[in-house]
Amino acid sequence: MSGQLVYLDGQFVPVEQAKISVFDHAVLYGDGVFEGIRAYHGQVFKLKDHIDRFFAGANALFLQLPFDKKGMTEVVLDSCRKNNISDGYVRLVCTRGADGLGLYPKPEAHKPRLFCIAGQVALYPEEAYRRGLNVITSSYRRNKATIIDPQIKSLNYLNSILASIEAHRYGADEALMLNDDGIVTECTGDNVFMVKDDEILTPPVWLGTLDGITRQSVIKIARELGYVVKEEPFTHYNLLNADEAFLTGTAAEIIALTELDGRKIAGGVAGSVTMKLLQAFREYTKKPENGAKI
Ligand SMILES: *Cc1c(COP(=O)(O)O)cnc(C)c1O
């Protein structure tokens, strides 16, 4: 994107000047938090929820964010305004900051760095929404909450990155991740849902799942449409034999999962419940009460 301006520590700078030290703990150790956010129709979708999650993750990491929630909200909105974004994608990031090479980030020495990139959204082609995704089950298990809680959208995404590399090496679009007990959690950057006998199931967050904001929206929309939605554990076997399955996330929105480990789900095309929810979700993003005006 030409002329793109990146927010960095209180200033908007051209992309070439948006730089972070090689000593930043985010570079050395993956130490920091991020959010992926969408703007639709001149408003930032569910911005309050994203800001709340950003603060909750920072709190879990003892990371002192440089603004309060109101100030952080303005950083995101200003980033959209500066780049004339009314539909796009926003990445909000806070790193631990730089000092020496040591593991312990001294609060008196490490000054967190905040940046925000507002640009175009990279979407799956519309055809992929009808065809659905080919998914394999990763050999990497989702991080346990007692080790690194997957609810933290931290800058250490090696668990997901390894699973994603594995999926692509096998020619698949995405990887399904199980927890240590072999129960379905989510995909590398998207939550997972299944439909069986007109009921919609998604794994509960405590199993080792990031509490996606699209996930929350889909649960609400589906209930409003009259579906029974349960946050309940299910197995790989249950998912293989689902009537329909789909993934949810800020960038992907709602996209069908139509092949899992070589077995077709819903006959290998996006199912009717999935498509109905996608349509309803796209309407939902337009409502003024679901976003913050840019
Ligand atoms: C961001 C993310 C999601 C999706 O969350 P949304 O808030 O809907 O974008 C799901 N899983 C993981 C691991 C994620 O990082």
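The legends below describe close-up views of a predicted model.

**View 1. Residues around the ligand.**

In the side chain of Tyr157, an N or O atom is 2.4 Å from an oxygen atom of the ligand. For Lys153, the distance from a polar side-chain atom to an oxygen atom of the ligand is 2.7 Å. Arg53 likewise places a polar side-chain atom 2.9 Å from an oxygen atom of the ligand. The ligand taken alone exposes 370 Å², of which the protein buries 96%.

The ligand takes up the space of the largest pocket. The volume of this pocket is about 750 Å³. Its lining comprises 39 residues, and those closest to the centre of the pocket are Lys153, Tyr157, Thr188, Gly189 and Asp190.

**View 2. Elements that line the largest pocket.**
Two or more residues of the lining of the largest pocket come from each of S3, helix H2 (47-60), strand S5 (88-95), helix H5 (158-169), H6 and strand S13 (244-249). H5 provides the largest share of this lining, with 4 residues. The lining of the largest pocket divides by class into 14 nonpolar, 16 polar and 9 charged residues.

The model has 1 cavity of 30 Å³ or more. The largest cavity has a volume of about 30 Å³. Arg38, Tyr40, Phe45, His50, Ile213, Thr214, Thr250 and Phe281 form the lining of the largest cavity. Of these lining residues, 4 are nonpolar, 3 are polar and 1 is charged.

Strand S3 (32-40) and helix H6 (213-224) each give at least two residues to the lining of the largest cavity. S3 and H6 are also among the elements that give two or more residues to the lining of the largest pocket.

Methods
Residues are numbered from 1 along each chain as its sequence is written. This is a predicted model: local features need pLDDT of at least 70, side-chain atom pairs count only at pLDDT 80 or more; totals for chains, interfaces and linings use all residues. Side-chain values use heavy atoms; hydrogens and water are left out. A polar contact is a pair of N or O atoms within 3.5 Å; within protein, one must be able to donate a hydrogen and the other to accept it, and residues adjacent in sequence count only if both atoms are side-chain atoms. Accessible areas come from the Shrake-Rupley method with a 1.4 Å probe; for residues, only the protein chains shown count as cover. On a 1 Å grid over the protein atoms alone, a cavity is a set of points where a 1.4 Å probe fits but cannot get out, and a pocket is an open set with protein on both sides within 12 Å along at least five of seven lines; lining residues have an atom within 4 Å of a point. A molecule sits in a cavity or pocket if more than half of its atoms lie within 2 Å of its grid points. Grid points are joined across faces, edges and corners, and a volume is the space filled by probe spheres set on the points. Ala, Val, Leu, Ile, Met, Phe, Trp, Tyr, Cys and Pro count as nonpolar, Asp, Glu, Lys and Arg as charged, and the others, Gly among them, as polar.
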